[in-house]
Amino acid sequence: MKAKTLAVAVASLFAATAMAQEAVTVNGSVSVGGITSDTTDTKDEFKLQEYRDLKDGGIADVNVEIRGARQWLDIFGENIGRRDQYMDIRGGYYGLFRGRLYLNDIIHNEGFNLITPYSGVGTNALRAPVTGTGANGTFNTNVGTWNPFNLGIDRRHLGASADVRPASSPFYVSVEATEQKREGVRIQGAANGTSPGNGFQELPIPIDYVTRVVAGEAGYSSRDMHFALNVSKSKFTNDNERVTWTNPYFGGGVDTSTYSPSSDQTKWSLNGLFKRLPWDSQLAGRFTHTKLTDDVPLLAGVFNTGNTSTILPTPANVTNFSGENVWTTGSLALTSRPTRVIDTKFYYNYYKKENKSSEVVFTGQPTDSCGAGSGTICEPDRFDYTKKNWGAELWYRFAGHTKAIAGFDYVDLDRNRVDFDNTKDKKGYLELRTDAWETAAIRVRYQRLQRRSHFLEGEAGDNANDPEFINRFVRRFDASNVDQDLLKIAVDASIMPLLDVGAEAYFKHNKYKDTILGRTKDDRQELYVSAAYGDVQAWRINAFADAEYIRYDSTHRTINGGTCTAAAPNCFDPIGGTQSAFSFNWDGKVKERNYAAGIAGDWMVGPRIKLNAAYTYQKTEGTVDFSFPGLTGLTPLVNIPNVDDVKIHTFSLKAVYKATPAIDLTGGYAYEKYEFKDSAWDNYANVVTGGTPNQRSYLTGAYAFPDYKANILYVMVTYRFH
Amino acid sequence: MKIRILGGIHALLGMSALVAGLFWSVDAAAAPPGAEECKGCHESYVTAFQATKHGAKANPHSPAANGECAACHGDGTEHVKAGGGKGVGGIRNPASKSLSADERSGICLTCHGGDKHLAFWDSGRHRKNEVSCNNCHTIHPVTDQKVYAQLRKGDPVPTPMRTTTRQLEFEICTTCHKQVRAQIGKPSHHPIIEGKLNCSDCHNPHGALSHAMVKNESVNDLCYTCHADKRGPWMYEHPPVEENCLTCHNSHGSIHKRLLNEKIPNLCQDCHDWSRHPGTAYGGNQGFPPGLGNTRFLARACVNCHQQIHGTNAPASKGQRFLR
């Protein structure tokens with residue numbers, strides 16, 4: 001506070017001296033008021049206040065523009081003193097300098113009054129007493145005595161920047177410094193045991209992140225060319241790289257989870273541009289080099305599966321993991337206009353990620369194996385990839401405001417992944433756009449993407465009784481062969497005076513043609529319509545309506561027990577293996593239907609009163625349907641009837657009354673209702689029993705009760721000065 | 001709250017005074033007269049123009065210092081002689097639909113062509129898609145709202161009530177990008193409609209060499225600027241995560257938590273099939289009791305246990321399976 005006071009005093013002295021020397025105009029406004037919200041019958045209002053601070057209290061805004069003959073200063077502050085406050089100050093000296101200071105507080109509320117059996121929320125040591133021993137070990141299941149806490153993150157983003165560019169000089173220098181600080185609590189899951197099915201914990205871990213970035217750029221920018229060299233240093237600090245917690249499964253011993261490592265990043269970039277080349281061409285290029293490092297001591301041990309608190313060492317060849325990722329990128333683009341009716345663009349992009357981190361080798365313990373068998377050695381893969389992308393686009397202008405665009409894009413991606421080591425994407429597209437009619441513009445685009453990948457696991461596993469054998473059939477959709485068709489149609493029209501309408505439609509189909517297990521296809525059909533009607537000076541209405549239909553189809557194979565039996569041999573073969581209750585193929589069809597509509601209006605009721613109202617409605621419905629082709633006699637799996645089903649109503653009304661030329665009175669009311677239903681969250685309970693007491697899961701209530709109903713009122717008085 | 005408000009006001013005053021003090025100590029030049037002839041007929045436009053940085057005569061780059069109205073509208077001598085009228089006397093309206101997008105932008109680029117922010121305008125999608133400066137910016141903003149970069153004032157926007165009074169960028173961008181308009185309003189979204197993030201925090205609307213004109217070389221580089229906790233380096237990496245955040249997330253919004261493209265476990269199972277639980281079908285009867293209480297399905301499903309899905313430095317199997 002002393003430093004802040006000193007800054008104000010010194011700066012005020014400068015300001016007062018300076019302003020005394022010249023004529024200055026000051027325009028702006030100051031607003032003060034209050035807000036209150038009622039959320040009766042709402043269990044947890046986190047979704048209402050996810051990004052908005054609507055707690056009862058005062059509101060203060062300020063907006064000032066100061067203009068001197070050669071200097072300018074804009075001061076803006078919003079929700080001052082509240083958790084979502086925003087301040088932005090920009091100033092400059094014409095023809096020489098421009099600067100900015102800003103503060104943006106972003107809240108992300110994710111739960112109020114949640115509960116946990118752990119004490120020490122907000123610290124990196126979460127502890128809970130365990131009663132009983134061995135398989136009978138349990139936390140206190142009387143949730144009424146658990147510890148309350150709020151879940152969420154407060155992010156403060158502070159920044160300052162300055163640009164110096166003398167008038168008539170093409171040279172400039174820019175500097176920027178930012179700090180992003182995040183504080184709060186986040187839920188992190190952790191499995192109780194080392195093999196599945198032993199329950200899990202929701203750990204309310206502390207978040208204390210700081211990211212500081214300093215960047216500088218020097219460049220030359222004119223109408224003919226542009227060059228810039230940029231250097232930035234980024235330092236991320238996490239005060240809680242490890243959190244220890246009581247694990248009831250392992251006899252109440254103290255377990256450890258690892259979280260984001262503190263890291264340092266240095267980035268160099270050089271970009272340049274030559275304009276006014278032959279054929280009205282421009283050649284643009286960019287090169288970047290980024291190095292990211294961290295250094296993390298390895299955990300010396302892990303729990304065993306013997307249901308004791310013994311910690312087994314995890315022998316590794318190094319004591320620390322020294323991470324180092326290096327990215328090198330390059331881009332080149334040539335745009336030309338060889339004739340009045342033709343535009344072209346040719347481009348090439350290169351992107352390479354090298355992983356130069358420590359080579360770590362764990363000599364696996366029999367009870368902490370890394371692979372399918374026990375006692376194996378495990379060595380983390382160091383993921384590298386190189387992406388080369390080139391393409392060309394051609395625009396042709398027909399007479400009468402009509403244009404055709406054809407393009408081709410090629411991506412060749414090499415990676416050291418276990419399933420696909422190379423992917424080649426070929427994308428072609430054709431677009432026709434016209435605003436030949438005075439009152440309408442139409443755009444139609446068709447795009448075809450074909451991705452072909454080199455699959456490495458065609459010979460995985462010794463035989464169909466080997467669990468690895470199934471990998472011969474799994475194709476992960478992000479890299480597998482796919483044929484994609486995309487059609488996009490957009491229309492914008494002014495169909496009568498003061499009425500504008502627009503519509504966009506998307507039809508997208510992905511066919512993962514060689515996939516046996518995994519996502520086999522997905523479809524999207526989307527329609528977005530909007531309309532605006534009215535006169536800016538009197539009243540206006542803006543409305544929209546959206547509909548989306550999305551579907552994902554996938555095929556999977558269940559193998560219960562993990563190994564094949566004599567009665568169900570070759571169980572890891574989805575094509576030739578047996579179809580039985582023990583091992584069988586199943587299909588999933590995920591369907592989503594989303595609808596939204598909204599209308600908003602401005603109305604100048606009279607010379608002194610302005611009304612603004614808005615209403616929105618949104619409904620989402622999801623389902624998953626299962627089928628078991630070729631399998632009979634199995635009790636059908638119950639389809640999932642509700643997948644993230646949400647209904648949202650929002651209504652707001654705002655009135656501004658100009659009481660005097662200098663004073664505005666603003667009053668506002670809002671009503672919001674949020675309903676959520678999901679089969680995975682129905683009948684939510686804080687304690688989920690397992691086979692034995694030590695396999696219980698203890699949940700905090702996070703995200704479980706997003707439903708809310710809220711009435712919000714606010715009033716403000718605004719004083720304007722000139 | 002009181003302390004917070006006082007602290008905020010104090011900080012605001014401090015920052016304001018700091019900027020004012022540091023850069024206000026240069027002698028001012030006398031302001032020359034304004035575009036009085038034009039004001040005679042076009043008072044509201046000229047008044048609005050004069051209140052902007054374009055109207056600052058002391059700025060050697062401003063239209064006010066470079067011919068005033070004529071800098072953009074052309075020589076109005078004949079227009080005045082003829083007594084005015086739309087297009088009369090060769091007067092030019094830079095927002096006229098009779099001009100092509102390039103012609104409209106060209107008027108602005110006469111002065112702004114050397115701006116570093118616009119260096120890649122010709123390489124960007126907006127120019128190719130016939131977007132011109134006046135589609136997003138208004139040169140004579142007749143508004144009492146805070147409008148940076150002279151953004152156009154949008155239509156009343158149907159959104160939930162928000163606690164900001166600023167004109168927000170998304171109101172302009174979503175005029176054309178209707179799919180994005182739908183996405184940013186979904187139950188899981190970045191705080192864009194709340195005014196805490198802007199489209200231009202991620203995209204450069206004035207052109208960039210990157211796909212979708214994102215501000216960094218790749219989507220991941222962009223995401224890490226805010227989500228540095230996800231950047232690692234990790235001992236155990238999840239390859240799709242390292243390659244592209246958008247494999248699992250939709251940065252604009254989703255109906256699923258955490259902006260996921262699909263709900264877990266379905267999303268995870270689209271890639272992971274093996275013995276036991278990765279390939280097991282989890283049905284609607286496996287939620288909380290009286291359902292079967294399957295911990296791979298209820299609540300957050302897979303991430304109930306495999307939480308460190310973006311990467312981890314935990315050893316051996318704990319790291320390999322993203323458990324710790």
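A residue is called buried under 20% relative accessible area, exposed over 50% and partly exposed in between, with a 1.4 Å probe and protein chains only. By this rule A:Arg100 is partly exposed, at 24% relative accessibility. The model is a predicted one, in which local features need pLDDT of at least 70 and side-chain atom pairs count only at pLDDT 80 or more, while totals for chains, interfaces and linings use all residues. Residues are numbered from 1 along each chain as its sequence is written, chains are lettered from A and ligands numbered from 1 in the order in which they are written, and side-chain values use heavy atoms, with hydrogens and water left out.

Of the 324 residues in chain B, 54% are buried. Contacts are taken as heavy atoms within 4.5 Å; among those in chain B between residues at least 6 apart in sequence, 40% join residues at least 24 apart. The accessible surface of chain B is about 13200 Å², with 60% of it belonging to carbon and sulfur atoms; such areas come from the Shrake-Rupley method with a 1.4 Å probe, and for residues only the protein chains shown count as cover.

Attention now turns to salt bridges, each defined as a side-chain nitrogen of Lys or Arg within 4 Å of a carboxyl oxygen of Asp or Glu. Over all chains the count is 63. One of them pairs A:Asp88 with A:Arg100, with 3.0 Å between the closest N and O atoms. This pair links distant parts of the chain, with A:Asp88 in strand E4 (residues 86-93) and A:Arg100 in strand E5 (residues 97-116) of chain A, 12 residues apart. A:Asp88 counts as buried, at 0% relative accessibility.

A further salt bridge brings together the side chains of A:Lys235 and A:Asp264, at 3.2 Å from N to O. Here A:Lys235 belongs to strand E10 (residues 225-238) and A:Asp264 to strand E13 (residues 263-277) of chain A, 29 residues apart. A:Lys235 is partly exposed at 43% relative accessibility, and A:Asp264 is partly exposed at 36%.

Between A:Arg519 and B:Glu262, the closest N and O atoms of the salt bridge are 2.9 Å apart. The pair joins two chains because A:Arg519 lies in strand E27 (residues 518-535) of chain A and B:Glu262 in the loop between helix H12 (239-243) and helix H13 (266-269) of chain B. Both A:Arg519 and B:Glu262 are buried.

Methods
Helix = DSSP H or I, 4+ residues; strand = E, 2+ residues; numbered from the N terminus.
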